Amino acid sequence: MTRLISFVTAALLVAIYSMAVSAQNWDDIVATAKKERELTVYNGFGGGDEFKEINALFQKRYGITVKMLEGRGSEIAERVRTEVATGHAIGDVTVNGATANTGLSQANAFQVPGTLPNMSKVILEKTFVEEVPLFVNAYGITVNSKLVPPGQEPKTWADILDPKWKGKIISDEMSSSGTGHTWFSVTLEKFGEDFHRKLATQNLQFSRTVRENPRRVAMGEFAMYIQTAMSDVGRLEGLPIRGVVPKEGLPYTSFSGAMIKNAPRPNAARVYINFVLEPEAQLVLAKAGFPVSTGDLGDKVPANLRHLVNAPLLGRQNLEGQAERLKLAKEIYGR
Amino acid sequence: MTTVNAIAGDIREGRYEDRYRRLKSWGFTPRNIGMILLILFLGFLTLYPLAMLIYGSLHSTPPGMAGEFNLNGYRELLSTHNLIALLNTLGISFAKTIPSLALAVLFSWIIARTDTPFRGQLEVLITLPFFVPSILTAMAWGMLGNPKVGLINQAYMAMTGGTEPLINVFSYGGIIWHLMQHSTPFLFLFIVDVFRAMDPALEDSSRMCGASRWRTFRSITLLLMLPALTNAFILSFIRGIESFESPLFFGSPAGITVVTTEIFNAINYRSGPQPDYQYATAISVAILVLMFLMVLVQWRMLRGRSFVTVTGKGYSPNVTKLGPWRWVTFGICVLFFVVTVVLPIGQLAVGSFFRFFGFYDPSMLTLANYVKVGTNPEFWRGFCNTMVLGVLGSTVTMFLGAIVAYISVRTRWRGRTLIDTMAWLPWMMPGMVLGIGFLWAFAILPKSIPIYGTIWALFLAYIALGTPIAVRVMVGSYAQLSLDLEECSRVHGATFFQTLWRILIALAWPSFVVGWVLTFFGILRELSASVMLYSVGSEVLSVIVMKLWLNGLAEQVSVIALFMMLLVIVFRWVQLRLLKHHITTL
């Protein structure tokens, strides 16, 4: 018994010591980060002003100036890769979608950020070792409120196969990579090929202008858009559309932060990634309609967005086998 | 003092003359040195990024990554899918260039050679669509010509009681129509001054010999304009092949694939988490070869023919009196303006005052979009950067273009074909890929040459991208000027520089100004290279517009578009005032 008590006490002391050392280390990292004074973030997330707001909060707390360079996901990824490959690193952190960041991880363009205090709060799964999941973009349905009265909207994904929707659905292109293909991959995995073969008979109208599609529904051109980023529903409040979450949940793409290899300001980079996981930063994302990586933020999220932010997630695209799935989508939808 | 004395001694003893003679015998003349420097500079701007792309097309991975050399990218090109995409691309570009050129020639004739009323104002109005970002007019036409809810179709159905739409922009026709709106004013800008600079005596002779007005136009006017017309045709045709927004917006819903959407797919992870740059660059190199062959055909076509219309003999611009028909020509110009400017830009103007673009509910009226743009520091920073880069970039580009064109057209110097060819290259690569070529090229330079990550990267890329237009505009202009003018000046004792200033520059000045405006607004709109090369603090307007667009803020983008329109009107007004003043001075 005495031995057991001694063992437990020793274990506790070791745990407390390592926590103290870890806290001490983190304080050192923060102090060094402040000396680095600034930080460059490469942002490939085409959202709204959320990251500007987060950067302002970060700057206010740590006094570190954030310079943010924004672009399309693929362009930002190629910049990061080229900078690392040529030894011209300017960026410290990149925020991008799972596909782009997985590619960069495979190209050895990232470094592990080390232990981050907020990492323990993350409930989303990692795809690669250097990744820090920050939030997700989830894809549900928007319906035209005038054309689809309350109660008539699809309750499950299978409901969109109802012949009454024939010719009334707009969809993002599924046979090229992007939102539509992510949706295709997840629903293919969950509901099988037959689901898509039946959906193909619904005479979908395909479009690649993702941002325009909910507006086309609002105009009454189509009754529904089946891959609406749920964050768009809040942005378009005032237009005659409603966001619908089928009961199985929503396919999603995760957005993550990663520290660029040989980042010129490595400590500021760590502190920044950790800060995006702080409740105040996560709330900025949740208020814009994004399900966040640290879970439910309770009633801090506006009531009209809560069901979207806390919607069940159906799954995300497995990047392996994408080429075959693209071919299958082409074959099924005749594109 | 010792050095000065030594040099003086050298000169006295004729040592420098000896050295100079020796260097000259080795070919080191000032002209040759100048040519070598010019070739090196153009090579750095055009061949170097192109070489990076050719490397990309032959290597399994992009620069800096382990991989192997192979021909997989090119092998993949050989498929039925790509053949269809290529035929679609060529067909669409051809179908839009021919009517655009015909319209541009008609408008140029109306503005430059007839007594149509309000020509000055019409000239500014006709060119406006060229300066509006394509994505915005696409957005506007998506609403006007939508088969289900488009305003034009709704009005048509309400008037006729029919149920079938009049137009459907999501079709081949929609893509061609949208591209035409941009290429007609582009071609017009290119050729209107060529009409102005033409000596009417040639046409008068034709008429006096009994040729009809139409035959004179066909056999004299058009033929003399062949260099300018073929230059303009090729530039516009190539630009049509490289267009992306129109096929994406109007072609994708109809399942129409073109080369640029293939490149876009390849860059955007068509086969997993790694972008397929090998395939994307292989398509681009194939397109470049195709375009180059076309340019060679043009060179063969024009070789050995004279297109001189401006000689030492004085002439006054000839204006055709149209009588009552001048109101018909006026009506044609106004109709074009209404359809291509008033309708889409009207949509943008109205949309900018509403909370949501396209939803014109009075309860959504707002000035918030203007306030947000006006108080956005990033917008103003981007505006200032763009103005500085635009003014300096287009001035340097035009001087470079004028020099290249001069050497190419008016000298027999060795290497002239090489510099002319190099100046063409950036135009022949789809912008989407060329931006990556610049990124690779500048980033791979040693750190002691700090271009990547600075505003210099944008500046150099803009010069490279603008040079093809600058050279083509000046080539068209020089080709019309008789060599007698220069010879006459030299015979009368003028120095080379006096001749250059008083004859060549004085006569080519209107084209220089047109080229400057085209280059300036080319810089203003340029996105592909800008987005790959801008750094924090060196944002430009096109990048700001793209970011707002990606963020779904079409309303704020409309505000910026209107602001750009205002800029265009001011610039065009200044340009035409300058031109008028210049012609009066002449």
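Among contacts in chain B between residues at least 6 apart in sequence, what percentage join residues at least 24 apart? The share is 79%, where two residues are in contact if their C-beta atoms, placed from the backbone, lie within 7 Å.

The model is predicted: local features need pLDDT of at least 70, side-chain atom pairs count only at pLDDT 80 or more, and totals for chains, interfaces and linings use all residues. Residues are numbered from 1 along each chain as its sequence is written, while chains are lettered from A and ligands numbered from 1 in the order in which they are written.

**Figure 1. Chain B, a chain of 26 helices and zero strands.**
Helices (H or I, at least four residues) and strands (E, at least two) are DSSP runs, numbered from the N terminus. The C-alpha atoms of chain B fill a box of roughly 95 × 70 × 50 Å along the principal axes. The radius of gyration of chain B is 26 Å, close to the 25 Å that the globule rule gives for 586 residues, so chain B is as compact as a globular protein of that length. This radius is taken over C-alpha atoms, and the rule is 2.2 Å times the number of residues to the power 0.38. Of the 586 residues in chain B, 47% are buried. A residue is buried if 20 or more other C-beta atoms lie within 10 Å of its own, exposed if 12 or fewer, and partly exposed in between, with C-beta atoms placed from the backbone.

**Figure 2. The two domains of chain B and the side on which domain 1 touches domain 2.**
Domain 1 covers residues 73-351 and domain 2 covers residues 366-586 of chain B; such bounds come from an automatic or database domain assignment. The centres of the two domains, taken over C-alpha atoms, are separated by 20 Å. In the contact, 45 residues of domain 1 of chain B meet 42 residues of domain 2 of chain B. Elements giving two or more residues to the domain 1 side include α6 (119-127), α12 (226-242) and α16 (326-351) of chain B. The largest share of that side, eight residues, comes from α15(B). By class, the domain 1 side has 31 nonpolar, 10 polar and four charged residues. Here Ala, Val, Leu, Ile, Met, Phe, Trp, Tyr, Cys and Pro count as nonpolar, Asp, Glu, Lys and Arg as charged, and the others, Gly among them, as polar.

**Figure 3. The crossing of helices α5(B) and α9(B).**
Two packed helices are described by the angle between their axes and the distance between the axes. The axes of α5 (residues 80-113) of chain B and α9(B) come within 6 Å and cross at roughly 40 degrees. Axes are lines fitted to C-alpha atoms, for helices over the stretch in contact, and angles run from 0 to 180 degrees between N-to-C directions. The crossing of α5(B) and α9(B) is right-handed. A crossing is right-handed if the near helix is turned clockwise from the far one by less than a right angle, and left-handed if anticlockwise. The contact of α5(B) with α9(B) is made of 21 nonpolar, five polar and three charged residues.

**Figure 4. B:Arg472, a residue of helix α21 (residues 455-480) of chain B.**
B:Arg472 counts as buried, with 25 C-beta neighbours inside 10 Å. Neighbours within four places in sequence aside, B:Arg472 is in contact with B:Asn231 and B:Leu235. The C-alpha atoms of B:Arg472 and B:Val132 are separated by 22 Å, and these residues are 340 apart along the chain.

**Figure 5. The side of chain A that touches chain B.**
Here 48 residues of chain A are in contact with 42 residues of chain B. Among the elements giving two or more residues to the chain A side are β2 (65-70), α4 (98-106) and α12 (322-333) of chain A. The element that gives the most to this side is α3(A), with eight residues. By class, the chain A side has 10 nonpolar, 22 polar and 16 charged residues.

**Figure 6. Two loop residues of chain A, A:Arg37 and A:Asn262.**
Most residues other than glycine have a negative phi. Phi of A:Arg37, however, is positive, near 65 degrees. A:Arg37 is placed in the loop between α1 (2-36) and β1 (38-43) of chain A, and is exposed, with 12 other C-beta atoms within 10 Å. Phi of A:Asn262 is also positive, near 60 degrees. A:Asn262 lies in the loop between β10 (250-260) and α9 (266-276) of chain A, and is partly exposed, with 14 other C-beta atoms within 10 Å.
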